Amino acid sequence: MLAPLVPEPTGNGLAMRAATSLEALARLGDVTLVVVPAADPEAARRDAGWARERCERLVLMALPSGREAAAAWLASPTGRRIAAAAGSLPSLARGVPPVLGSRLAAELGRGFERIFTLRLYLSGVALGWRDAEAAGAPQLVLDLDEDDAATLSAIARLEAARGVGDRARKTREEAEAFGRLAGAALPNFDRLLASTVLEAQGLAAATGGREIVVVPNAVRRPGNGDSPGRPPASSAGSAAPRLLLVGNYSYLPNVDAAERLVRGILPRLRESRSEAEAHLVGGGGGSVLEALAREDGAVVHGWVDDLRPHYGAAAVVVVPLRAGGGSRLKILEAAAHGVPVVATPVAARGLEGLRDGREIRLAESDDELALAVRTVLDDPAAAAAVAERARDRVLAAHAADRVAADLATLLETPSTGRR
């Protein structure tokens, strides 16, 4: 398994997807987990204990310098071919050339049955490994997770709306580079996966109709040992109802959502619910979150190891995203723990099982979102019924143990093969 960060059962959404994949692969046999820290420069400092318990061997790769990595793309036929077809590579892909894959094959030995790769930007490493294996090359599985080109295009529009045109232009260039990389790399893989039907459809259209199988994002069942289970108490209907947003605030869409919650939605709600508070949980954000912490009714917690107290104290989880990709794991997590969710349609994109008014409340503008939150707070019984339906649906379709079992079964079946 090639992963861009250390798999973990809670916290970062990509780490949670990697954890489910690792559990699926462990059902099939011994797993060598290679962390290629393209998305996590601090990976060496992480506690990888959970992942180590589930694999036979864990390898943390050291990445080449930027200049060395760029030259290394031209050091192999596969690298030259992909680089030529893709033109300018996405920044995340530039640092992980195919030569890293051939190096892994030499260090770890040959004879692997399958190489499971998480995220498009690591595709070069997988292809370099396959080339080094030559005879009896392993099956190549690529979990794209999301449509990077579409996600970055949406973020570019958000940046433009926020008045940062230079950043928007660079983000659009990255989106285009991911689209070209997908066209060059995906035909070389035996099986392709994505997290939602919408992501799969978009990627298939961009890659000439390749079959892309949906493997949904997953959450832990509340009460499992490594799950952030929800305590029985909730602040719904209490004197100081808490609005909760959980996310990585190094990610612009989450920063934008936090600003909307604190400066747009909360003041409107406090016109009738003056005691309401907005609680922001998650790492990153720096000076932006410091500024938000000074706003009336806002509480910034930063990174926490245990989300249980925060889900337990929340009256409602509010997810006012204006851009993003994949499916929102924090919506799934909130629903799994029985917390009512109010979100934008963009935030709930891809979560077909959560229907507006039945398992979730959807709204677009700050005024509409504040009204939806007020509706949840004013009728705790109805909100609890919505939350219960959401929990049942999420645990039926997105429980980590079930998704891991389904993925393991899928990987054992014959694939349609690469073109």
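Which residue in E10 is the bridge partner of Leu280? In this predicted model, the partner of Leu280 is Val300. Strand E9, residues 277-281, pairs with E10 in the parallel sense, and four bridges join the two. In general, the strands of a sheet are held in pairs by backbone hydrogen bonds, in either a parallel or an antiparallel arrangement.

Stepping back, E9 and E10 belong to an open sheet of six strands with parallel pairing. Read across the sheet, the order is E10-E9-E8-E11-E12-E13. At the edges are strand E10 (298-302) and strand E13 (361-362), each of which pairs on one side only. Helices also pack on this sheet. Helix H14, spanning residues 329-336, touches strand E8 (242-246), strand E11 (316-319) and strand E12 (341-343). The direction of H14 makes about 155° with that of E12. Helix H15, spanning residues 366-378, lies across E8, E11, E12 and E13, and runs at about 170° to E12.

Another part of the model to explore is the second largest pocket, with a volume of about 290 Å³. Its lining is made up of 15 residues, and those nearest the centre are Asp30, Val31, Phe112, Glu113 and Arg114. E4 provides the largest share, with three residues. By residue type, the lining of the second largest pocket consists of eight nonpolar, two polar and five charged residues.

Methods: Residues are numbered from 1 along each chain as its sequence is written. This is a predicted model: local features need pLDDT of at least 70, side-chain atom pairs count only at pLDDT 80 or more; totals for chains, interfaces and linings use all residues. Side-chain values use heavy atoms; hydrogens and water are left out. On a 1 Å grid over the protein atoms alone, a cavity is a set of points where a 1.4 Å probe fits but cannot get out, and a pocket is an open set with protein on both sides within 12 Å along at least five of seven lines; lining residues have an atom within 4 Å of a point. Grid points are joined across faces, edges and corners, and a volume is the space filled by probe spheres set on the points. Ala, Val, Leu, Ile, Met, Phe, Trp, Tyr, Cys and Pro count as nonpolar, Asp, Glu, Lys and Arg as charged, and the others, Gly among them, as polar. Two strands pair if DSSP finds at least two bridges between them. Contact means heavy atoms within 4.5 Å. Axes are lines fitted to C-alpha atoms, for helices over the stretch in contact, and angles run from 0 to 180 degrees between N-to-C directions.
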